[in-house]
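Here are my notes on this model. Please read them with the structure open.

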Amino acid sequence: MFEEQLLEKVDICKEILTDCRNELYLNMRFLDVALHSLCPEPSMQLMQTATDGLVLKYNPEFLMGQYRLGNVWVNRCYLHSIFHCLMGHVWNLRGKEDRRLWNLACDIAVESMIDGLPYRCLRSPSNPYRRAVYDGLAKKVPVLNGEGIFYLLQQARLDIRVVARLMQEFALDEHFLWEREEKGNPMPLQQQDQWKDIRDKMETELDTFSKEAAEDSKGLREQLRVENRERYDYRTFLKKFCVLKEEMLVDMDSFDYIFYHYGMEIYGNMPLIEHLETREVQRIEDFVIVIDTSMSCKAALVQKFLEETYSILSQSESFCRRFCIHIIQCDERVQSDVVVGNRQQLEEYMRDFQVQGMGGTDFRPAFAYVDALLAKKSFRKLRGLLYFTDGYGTFPLKKPSYDTAFIFFREDYQDVDVPTWAIKLILDERNLS
């Protein structure tokens, strides 16, 4: 008798989910593939719903209870799980010490997207508490994505009662399936790539064929851009500006103890192989750091960028014995150029650093200045230029003869199109740690 009742409830839930997908699709056709990428699976072990990116597990009683309240609540609950997968929240748990805050941050991020969609099938009564939370976060991070909100929640050190209130407001599903990777059962890489492809195609469609829908879904579009941008490790990135040098150092990596020992046994004091007295190493030689000191670029972020860059560059293994780093401050014109030739000078510059300028933003003067230095042969071999900026300025039209990277800090990031010849790098706390 119980099994028959359960099967009947499962059949009803299948119809509910089918109607939900159809209604969401009719309003947001750009979600077509995403809406059909989760396989529904009933589970009496759950209180609500849960997803691992492959299946959508649901408690039949919970789903039917939501439907009794209205199809809007089922639509929101289903879309909530879809957005978790689209934004990669399911697979980004690794390295998050406070799982509770990460789960909360992801829930706030997807609920902010859903609340920003102007469709009747998702419309819920106005909630002043939610609006206050969104407004408070928006003042500190331009795009309300999971990583940005998680960082703010960590910094805020919220009282446990505040966290509980936020979880009560924003948590619509369970996240225990996300922890599968941490317990020795990794998520299939193919599954992650599938959702990444869906995310890429959605962004392309919103930028081209569904521009009207993109205007209606601004929050979703911004989050897609943030999640789709390539992430870098800053230390690895700086290796692009290294040159391969041969130095007078014993190369232990190429030394073979077997031949050495064999020669000593046969000939007494004559090894068959000895240490190489030189080795090839990656060293930073010449490059340029340009700091945008316009009014729109926050001084605190400039200082933070320099401190992190200094902590990497000040390592002894990073530098050649002789190097030349120009640190240029520029707004609409070049305000200062300090040449650093050794670690001590770099340390002194950081200690006495002061922002100069605070005018408008124009990138061209800095490039013209560096080109003039090249003409004067001020560099032995210029590897590249790092331009720290908020992105609001006039870019040079012509590609320079050296590699160029425009660096943005995620705390102050708004999407900006840089020239095709430049590298676009967006950093956050994880990249710089």
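1. C121 counts as buried because its relative accessibility is 5%, under the 20% cut-off. Keep in mind throughout that the model is predicted.

2. How many disulfides does the structure hold? There are zero. C121 is in no disulfide, and the nearest cysteine sulfur, that of C20, lies 8.4 Å away. A disulfide would need the two sulfur atoms within 2.5 Å. C106 is also a buried residue, at 0% relative accessibility.

3. Salt bridges number 11 in the structure. One of them pairs the side chains of R76 and D115, with N to O at 2.6 Å. R76 sits in helix α4 (residues 71-86) and D115 in helix α5 (residues 99-115), so this bridge ties together parts 39 residues apart in sequence. R76 is buried, at 3% relative accessibility. D115 is partly exposed, with a relative accessible area of 25%.

4. R165 and E169 form another salt bridge, their closest N and O atoms being 3.3 Å apart. Both belong to helix α8; because they are four residues apart, about one helical turn separates them. R165 is partly exposed at 33% relative accessibility, whereas E169 is buried with a relative accessible area of 14%.

5. Look at these pairs together. R76, D115, R165 and E169 are among the members of a network of salt bridges, which also includes E111 and R130.

6. K196 and D200 also form a salt bridge, with 3.2 Å between the closest N and O atoms. The two lie four residues apart in helix α9 (residues 189-207), about one turn of the helix. Both partners are partly exposed: D200 has 25% relative accessibility, and K196 has a relative accessible area of 38%.

7. Turn to surface charge. E8, D11, E15 and D19 gather in a patch of negative charge on the surface. E15 is placed in helix α1 (residues 2-27). E15 is exposed, at 56% relative accessibility.

8. Two backbone angles deserve a look. Most residues other than glycine have a negative phi. R157 is not a glycine, yet its phi is positive, about 50 degrees. R157 lies in the loop between α7 (146-156) and α8 (160-170). R157 is exposed, with a relative accessible area of 74%.

9. K377 also has a positive phi, near 60 degrees, and is a residue other than glycine. Its place is the loop between α16 (364-375) and β8 (382-388). K377 is exposed, at a relative accessible area of 71%.

Key. Residues numbered from 1 in each chain as written. Predicted model: local features only at pLDDT ≥ 70, side-chain atom pairs only at ≥ 80, totals over all residues. Heavy atoms only, no water. Patch = residues over 30% accessible without salt bridge, like charges linked within 9 Å, V, L, I, M, F, W, Y side chains within 5 Å. Areas by Shrake-Rupley, 256 points an atom, 1.4 Å probe, with all protein chains shown as cover. Salt bridge = Lys/Arg side-chain N within 4 Å of Asp/Glu carboxyl O. Lys, Arg positive; Asp, Glu negative; His and termini not counted. Charge placed at Lys NZ, Arg CZ, Asp CG, Glu CD. Buried < 20%, exposed > 50% of the residue type's maximum accessible area, 1.4 Å probe, protein only.
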